[in-house]
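Take a look at the model below. The walk-through starts with a helix contact and then widens to the chain.

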Amino acid sequence: QSPRAPGLKRYSLVLPEDLFTAIQQLADQRQTTVVDLIRRFIKLGLIAAKIEDTPRAALIIRDGDTERQIILL
């Protein structure tokens, strides 16, 4: 096993092929890696979870004049 930088943990993740393909295509469009994109998604999810646990706070997605409130299940 190769040495890792201190503070890093390894986690093996199995994804459905269609989900992996969508992430790979987005990573290619953004000129980044799948791993980097998944890390960004996790960070965004942690922010969303924190907002969900904060009274009177909401995560709002705005697309032009349309707004949607995001609720985590």
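**Helix contact, hairpin and overall dimensions**

In H1, Phe 20, Ile 23, Gln 24, Leu 26 and Ala 27 meet Val 34, Leu 37, Ile 38 and Phe 41 of H2. Contact here means heavy atoms within 4.5 Å. The residues of this H1–H2 contact split into 8 nonpolar, 1 polar and no charged. Nonpolar covers Ala, Val, Leu, Ile, Met, Phe, Trp, Tyr, Cys and Pro; charged covers Asp, Glu, Lys and Arg; the others, Gly among them, are polar.

This is a predicted model: local features need pLDDT of at least 70, side-chain atom pairs count only at pLDDT 80 or more, and totals for chains, interfaces and linings use all residues. Residues are numbered from 1 along each chain as its sequence is written, and side-chain values use heavy atoms, with hydrogens and water left out.

Now the geometry. The axes of H1 (residues 17–29) and H2 (residues 34–52) come within 9 Å and cross at roughly 100°. Therefore H1 is roughly perpendicular to H2 (65 to 115 degrees counts as such; under 35 is roughly parallel, over 145 roughly antiparallel, the rest oblique). Axes are lines fitted to C-alpha atoms, for helices over the stretch in contact, with angles from 0 to 180 degrees between N-to-C directions. After H1 comes Gln 31, with a positive phi near 55°.

Next, the strands. E1 (residues 59–63) and E2 (residues 66–70) pair in the antiparallel sense over 5 bridges; pairing requires at least two DSSP bridges. Ile 61 stands opposite Arg 68 in E2. Asp 63 stands opposite Thr 66 in E2. The hairpin has 2 residues between its strands, and Gly 64 takes a positive phi near 70° there.

Finally, the whole chain. Its elements run α-α-β-β from the N terminus. Helices (H or I, at least four residues) and strands (E, at least two) are DSSP runs, numbered from the N terminus. The C-alpha trace spans about 50 × 30 × 20 Å along its principal axes.
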